[in-house]
Amino acid sequence: MSDLRSKFLEVYQILKSELLNDPAFEWTDTSRQWVDRMLDYNVPGGKLNRGLSVIDSYKLLKEGEELTEDEIFLASALGWCIEWLQAYFLVLDDIMDNSHTRRGQPCWFRVPKVGMIAVNDGIILRNQIPRILRKHFRDKKYYVDLLDLFNEVEFQTASGQMIDLITTIEGEKDLSKYSLDLHRRIVQYKTAYYSFYISVACALLMSGEKLEDHENVKDILINMGIYFQVQDDYLDCYGDPEFIGKIGTDIEDFKCSWLVVKALELCNDEQKKVLHENYGKEDPACVARVKELYNVLDLQGAFADFESTSYENLITSIESHPNKAVQAVLKSFLAKIYKRQK
């Protein structure tokens, strides 16, 4: 895996070099240095799970066949396109949320001399994806399908972000808007398509498959993405900050978290009043009251039930898929996230 990761990082350097010499633009030393620094700051810094999953999935679909250097390069290039997409979302997301840190360093827009230039940098990141696709996939039968896939997933993610943002408009804190259905819609569109579906979709296209023949694969991966986000919501409250690397703030931030919508479903009128009065407030005493209510309602038990039911349903769906290689891809995804602690 470490060998695959180092090869993957080598491909980043190749793609970056090509983009910094893109003939469609007349580069100056200053503009090239800016984009070089901007890319290194925003693209390769995360866990790279989304990108590496393209190579993992493609290998599993090839059922043990040794991948050629060209196949590894192409799968890596598609993986990096997903990492570029992620970087674009995060640069703009941090501005919208007025965040301070990302991946242990200041958000890009908070770096001295960057500021709102970060908005344009986000647009550049997004536009570099079709540049990579055009250079390396233009002669492939699935080129148009790839362009379609990235456009579709970008639209779905931006629309999910929109639902999330308009639900938590400042000064309009209204818990009665929150429901499991709203939570599912936000998660499905904001997270599941670009965090789970797109990696497998890229591998399927490279394998010569048509995405319309794999709607059930999409459904399984979307459900996996929803399960993943519910875990995230749970860990925000109950995870060990030392271990997960951050202190959860969903309660203070008035997030439409699975925990609060589950609490709203389970609580009586008096408990509902406590939630309405304390949720979304910075005051540590208010946060403590919400957490106390979560314990009274046994949300840890509710989550354990949700986790085991989700896992059983996902395994049943996966095993009903007729293709063993596709089953292997889906099971490898599920194994990475089941009962995770961070």
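**Entry 1: the pocket.** I began with the second largest pocket. I counted 15 residues in its lining, and Asp-22, Phe-25, Trp-27, Ile-124 and Gln-128 lie nearest its centre. I noted that this is a predicted model. The volume of the second largest pocket came out at about 300 Å³.

Which helices supply at least two residues each of this lining? I found α2 (29–42) and α5 (117–137). Of the lining, α5 gives the most, with seven residues. I then sorted the lining by class. I got eight nonpolar, four polar and three charged residues.

**Entry 2: His-183.** I located His-183 in helix α7, which runs over residues 180–206. Is His-183 buried or exposed? Its relative accessibility is 3%, so I logged His-183 as buried, the cut-off being under 20%.

Next I listed what touches it. I set aside the neighbours within four places in sequence. His-183 is then in contact with Val-230, Asp-233, Cys-256, Ser-257, Trp-258 and Val-261. With Asp-233 there is also a polar contact between the side chains, at 2.7 Å.

The C-alpha atoms of His-183 and Lys-339 are 21 Å apart. Along the chain, these two are separated by 156 residues.

**Entry 3: Thr-157.** I moved to helix α6, residues 143–167, where Thr-157 sits. Which residues touch Thr-157, leaving aside its neighbours within four places in sequence? My list reads Phe-89, Tyr-189, Lys-190 and Tyr-194.

**Entry 4: salt bridges.** I counted 17 salt bridges in the model. I looked up several of them.

I took Lys-62 and Glu-65 to start. Their side chains meet in a salt bridge, with 3.7 Å from N to O.

I turned to Asp-145 and Lys-210. Their side chains form a salt bridge with an N to O distance of 3.3 Å. Why does this pair tie together separate parts of the chain? Asp-145 belongs to helix α6 and Lys-210 to the loop between α7 and α8 (215–238), so the bridge joins parts 65 residues apart in sequence. Asp-145 is partly exposed, with a relative accessible area of 24%. Lys-210 counts as partly exposed as well, at 40% relative accessibility.

I came back to Lys-339 through its own salt bridge. Its side chain meets that of Glu-307, at 3.7 Å from N to O. This pair links distant parts of the chain, 32 residues apart. I placed Glu-307 in helix α13 (residues 299–319) and Lys-339 in the segment after α14 (324–337). I logged Lys-339 as partly exposed, with a relative accessible area of 48%.

**Entry 5: a network.** Lys-16, Asp-36 and Asp-40 are linked in a network of salt bridges.

Key
Residues are numbered from 1 along each chain as its sequence is written. This is a predicted model: local features need pLDDT of at least 70, side-chain atom pairs count only at pLDDT 80 or more; totals for chains, interfaces and linings use all residues. Side-chain values use heavy atoms; hydrogens and water are left out. Helices (H or I, at least four residues) and strands (E, at least two) are DSSP runs, numbered from the N terminus. Buried means under 20% relative accessible area, exposed over 50%, partly exposed in between (1.4 Å probe, protein chains only). Contact means heavy atoms within 4.5 Å. A polar contact is a pair of N or O atoms within 3.5 Å; within protein, one must be able to donate a hydrogen and the other to accept it, and residues adjacent in sequence count only if both atoms are side-chain atoms. On a 1 Å grid over the protein atoms alone, a cavity is a set of points where a 1.4 Å probe fits but cannot get out, and a pocket is an open set with protein on both sides within 12 Å along at least five of seven lines; lining residues have an atom within 4 Å of a point. Grid points are joined across faces, edges and corners, and a volume is the space filled by probe spheres set on the points. Ala, Val, Leu, Ile, Met, Phe, Trp, Tyr, Cys and Pro count as nonpolar, Asp, Glu, Lys and Arg as charged, and the others, Gly among them, as polar. A salt bridge is a side-chain nitrogen of Lys or Arg within 4 Å of a carboxyl oxygen of Asp or Glu.
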